[in-house]
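Please follow the chain through its side-chain contacts and strand pairings, as set out below.

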Amino acid sequence: QVQLVESGGGLVQAGGSLTLSCAASGHTSGIYRMAWHRQAPGKDRVFVGAITWGGGSTTMANSVKGRFTISRDIAKNTMVLQMSTLKPEDTAIYYCKCESTLSASPYWGQGTQVTVSP
């Protein structure tokens, strides 16, 4: 089992910045990829970006490219999402996701709310 805890959400004005963190605990040795997804009110959960745990390669959704970056600290088992030039349409609950060789199913965090005011 892996436990994921997101933090850093909040209210920010359009054009502002916010940094989210996802801390993993438990059986973290098998983690090979972590990702951020988000879900806006009344919409499906969608992919934001991901990072490979070993190599640190990142993939970002087109909607956030150039504005959001993902990084990880293996020693702290933490993934960070740095968000800048935020737009009202970035308002959503942001979820951390972890894929592990020790589990057939991914793990999800409880989510953290990000609200961007116009």
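In this predicted model, Asp-90 and Arg-38 form a salt bridge, with 2.9 Å between the closest N and O atoms. Asp-90 sits in the loop between strand 8 (78-83) and strand 9, while Arg-38 belongs to strand 4, so the contact ties together parts that are 52 residues apart in sequence. Both Asp-90 and Arg-38 are buried.

Asp-90 also meets the side chain of Arg-67 in a salt bridge, at 2.7 Å from N to O. Arg-67 is in the loop between strand 6 (58-60) and strand 7, and Asp-90 is in the loop between strand 8 and strand 9, so this pair ties together parts that are 23 residues apart in sequence. The relative accessible area of Asp-90 is 1%, and because buried means under 20%, Asp-90 falls in that class. Arg-67, at 10% relative accessibility, counts as buried by the cut-off of under 20%. Through shared partners, the salt bridges join Arg-38, Arg-67 and Asp-90 into one network. In general, side chains of opposite charge can pair when their charged atoms come close.

The count of salt bridges comes to three. One of them is formed by Glu-99 and Arg-33, whose closest N and O atoms are 2.7 Å apart. This pair links distant parts of the chain: Glu-99 lies in strand 9 and Arg-33 in strand 4 (residues 31-39), 66 residues apart. Glu-99 counts as buried because its relative accessibility is 17%, and the limit for that class is under 20%. Arg-33 has a relative accessible area of 27% and is partly exposed, since that class covers values between 20% and 50%.

Strand 9 also takes part in a covalent link. The structure holds one disulfide, and this disulfide joins Cys-22 to Cys-96 with an S to S distance of 1.9 Å. Cys-22 lies in strand 3 and Cys-96 in strand 9 (residues 92-100), so the bond ties together parts that are 74 residues apart in sequence. The torsion about the S-S bond of Cys-22 and Cys-96 is about -75°, so the disulfide is left-handed. Cys-22 and Cys-96 are both buried.

Why is Cys-98 in no disulfide? The nearest cysteine sulfur, that of Cys-96, is 7.1 Å away from Cys-98, and a disulfide requires sulfur atoms within 2.5 Å, so Cys-98 is left without such a bond. Cys-98 has a relative accessible area of 0% and is therefore buried, the limit being under 20%.

Strand 3, which holds Cys-22, leads on to the sheet.

Strand 1 pairs with strand 3 (residues 18-26) in the antiparallel sense, over six bridges. Ser-7 has Ser-21, in strand 3, as its bridge partner. In general, strands of a sheet pair through backbone hydrogen bonds, either parallel or antiparallel.

Note on methods: Residues numbered from 1 in each chain as written. Predicted model: local features only at pLDDT ≥ 70, side-chain atom pairs only at ≥ 80, totals over all residues. Heavy atoms only, no water. Pairing = 2+ DSSP bridges. Helix = DSSP H or I, 4+ residues; strand = E, 2+ residues; numbered from the N terminus. Buried < 20%, exposed > 50% of the residue type's maximum accessible area, 1.4 Å probe, protein only. Salt bridge = Lys/Arg side-chain N within 4 Å of Asp/Glu carboxyl O.
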